[in-house]
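Open the model in your viewer and keep the sequence panel beside it. The stops below go from the whole chain to single residues.

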Amino acid sequence: MIDLPLGGTFIFVSGGNAMGKKVNINQAEQLTGVSKRNIRFYEKEGLLTPERNPKNGYRSYDEADIRRIQLIKMLRMVDMPLEEIKKIFDEATGFQEAIQNHQTRLEEKLQEVRAAILFCDYLKDKEMENLD
């Protein structure tokens, strides 16, 4: 379990489904809190490759798949683009390096937002006719 700095917690499932046993997409959704639609999207984007049941073609998720879905969810919570997450999974970028790079981008974005807020404060005191 991870305590999040903005409140709440993030719980990693480990062994919660008697691992060794695979789960279907409905169970994966319940275990991770990620919608079936998003799970399918992650598969389409190449972030997830669950096995398929040869009898019916249904997706079958093991513990590694569940943990991967949870990691995607956590990284998306901090607005990391899927392309960057994919680089982590493809080992093109190390996890710590990716986090540091993303934090730097977020800090730059924060500065831009702060500047925009200051400009809004400036504009609140102006009449539209007086803007040049």
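Start with L106, which is partly exposed, because its relative accessible area is 33%. The model you are looking at is predicted. L106 sits in helix α5, residues 95-124.

Now zoom out and colour by secondary structure. The protein chain has five helices and four strands. Read from the N terminus, the order of elements is β-β-α-α-β-β-α-α-α. Show the surface as well: its accessible area comes to about 9500 Å², and carbon and sulfur atoms account for 52% of that. Of the 132 residues in the protein chain, 24% are buried. If you draw the contacts between residues at least 6 apart in sequence, 47% of them join residues at least 24 apart.

Next, hide the surface and go to the largest nonpolar core, which has 21 residues. Which residues have the most contacts inside this core? Select I39, Y42, L47, Y61, I85 and F89. Helices α1 (25-32), α2 (36-44), α3 (63-77) and α4 each supply at least two residues of the core. The largest share is that of α3, with six residues.

Keep Y61 and hide the rest of that selection. Leaving aside neighbours within four places in sequence, Y61 is in contact with a set of residues that includes K21, K22, V23, N24, I25 and A28. Further along the sequence, the contacts of Y61 include I39, E43, L48, P50, I66 and I69.

Select α1, where I25, A28 and T32 are buried. They lie on the same side of α1, because the arc they cover around the axis is only 55°. To see what covers the buried residues of α1, display elements including α2, β4 (59-60) and α3.

The last stop is T93, in the loop between α4 (82-89) and α5. Is T93 buried or exposed? T93 is buried, because its relative accessible area is 12%, and the cut-off for buried is under 20%. Show its surroundings: not counting residues up to four places away in sequence, T93 touches K87, I88 and A98.

Methods:
Residues are numbered from 1 along each chain as its sequence is written. This is a predicted model: local features need pLDDT of at least 70, side-chain atom pairs count only at pLDDT 80 or more; totals for chains, interfaces and linings use all residues. Side-chain values use heavy atoms; hydrogens and water are left out. Buried means under 20% relative accessible area, exposed over 50%, partly exposed in between (1.4 Å probe, protein chains only). Contact means heavy atoms within 4.5 Å. Accessible areas come from the Shrake-Rupley method with a 1.4 Å probe; for residues, only the protein chains shown count as cover. A nonpolar core is a set of buried Ala, Val, Leu, Ile, Met, Phe, Trp, Tyr and Cys residues joined through side-chain atoms within 4.5 Å. The arc is that of the directions from the helix axis to the C-beta atoms.
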